[in-house]
Every structure is written in C-alpha cells, then in structure tokens.
Amino acid sequence: MPTFGRAEMDFEPAPESVDSTVEFACTAEPEPSPEYEEALAQGVLRELAAANTERPDAWQGSQVRARVIVRSMAWHWVDRCEMTFDRLGTLAVREALSCVTEDRAPQLIETKVNLVYL
C-alpha cells in the first residue's frame, strides 16, 4: 500500500556547541499531527547523527549539526503512516548534504513508500 507525505524544510548550520534541532514553524494539511511531526524529526535527527546503521544507503560521514525548520507538511487522510515521515526526514537530510557537497540548489525529492504487512 503506497503512502503519501510531503514536507518542506530549511537547513541551517548549527554551532559546534549546539545539538541539532527540528523546529515546526509550519502549516499542516489537513491538520496538525504530533505523530507525523515526531516521525519526521526522528528521521532528520537520526540521519544528521549518522546513527542509521540499519540502512546501507544511510549517511556514513561524521555527525552534522543543523537547525532544521519545517515550513509545511501535508498528508492524506487514507494513505498515511509515520514511517513515511521518518523516511522523508532521512531523505531531506541526504538532499541537504548533497547540496552542500555538490554546490547546487536543492531538488524536489519524490518517493513512494510501499509497506508490506506480514
């Protein structure tokens, strides 16, 4: 079953003495969802910490400190789950890091998460 989630985020470097943060200064459609906000933040913070050892494609560099500001979020009433937002957070960090290393503007990330229930 595919799920839908959308998030727009800004990334700013954080000083060495400050831990990474995720701030929600956003609109959420169709309504705010603490569960999806938490899942998005977990995906972002885990990837910034280079602590995602379960995925071979995870960021394997050193920890990166950033201030992440979520500008908007959207989800569908039927096709939704927390895993989608966790994954969106992870992919957003990878895109932000790629923009810095490749000296380029951000690109839209589109993905479809398919869940298999056993």
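Modeller: Contact means heavy atoms within 4.5 Å. This is a predicted model, where local features need pLDDT of at least 70, side-chain atom pairs count only at pLDDT 80 or more, and totals for chains, interfaces and linings use all residues. Residues are numbered from 1 along each chain as its sequence is written, and side-chain values use heavy atoms, with hydrogens and water left out.

Colleague: In which strand is Arg 67 found?

Modeller: Strands are DSSP runs of E, at least two residues, and helices are runs of H or I, at least four; both are numbered from the N terminus. The elements run β-β-β-α-β-α-β from that end. Residues 66-75 form the strand that holds Arg 67, and that strand is β4.

Colleague: Is Arg 67 buried, partly exposed or exposed?

Modeller: Buried means under 20% relative accessible area, exposed over 50%, and partly exposed in between (1.4 Å probe, protein chains only). Arg 67 has a relative accessible area of 32%, so Arg 67 is partly exposed.

Colleague: Which residues does Arg 67 touch, not counting residues up to four places away in sequence?

Modeller: Close neighbours in sequence, up to four places away, are left out. That leaves Asp 10, Phe 11, Glu 12, Ala 14, Thr 21 and Glu 23.

Colleague: With which side chain does the side chain of Arg 67 make a polar contact?

Modeller: A polar contact is a pair of N or O atoms within 3.5 Å; within protein, one must be able to donate a hydrogen and the other to accept it, and residues adjacent in sequence count only if both atoms are side-chain atoms. Here the distance is 2.7 Å, and the partner is Glu 23.

Colleague: How far apart in space are Arg 67 and Asp 19, C-alpha to C-alpha?

Modeller: In sequence, 48 residues separate Arg 67 and Asp 19. In space, C-alpha to C-alpha, the distance is 8.5 Å.
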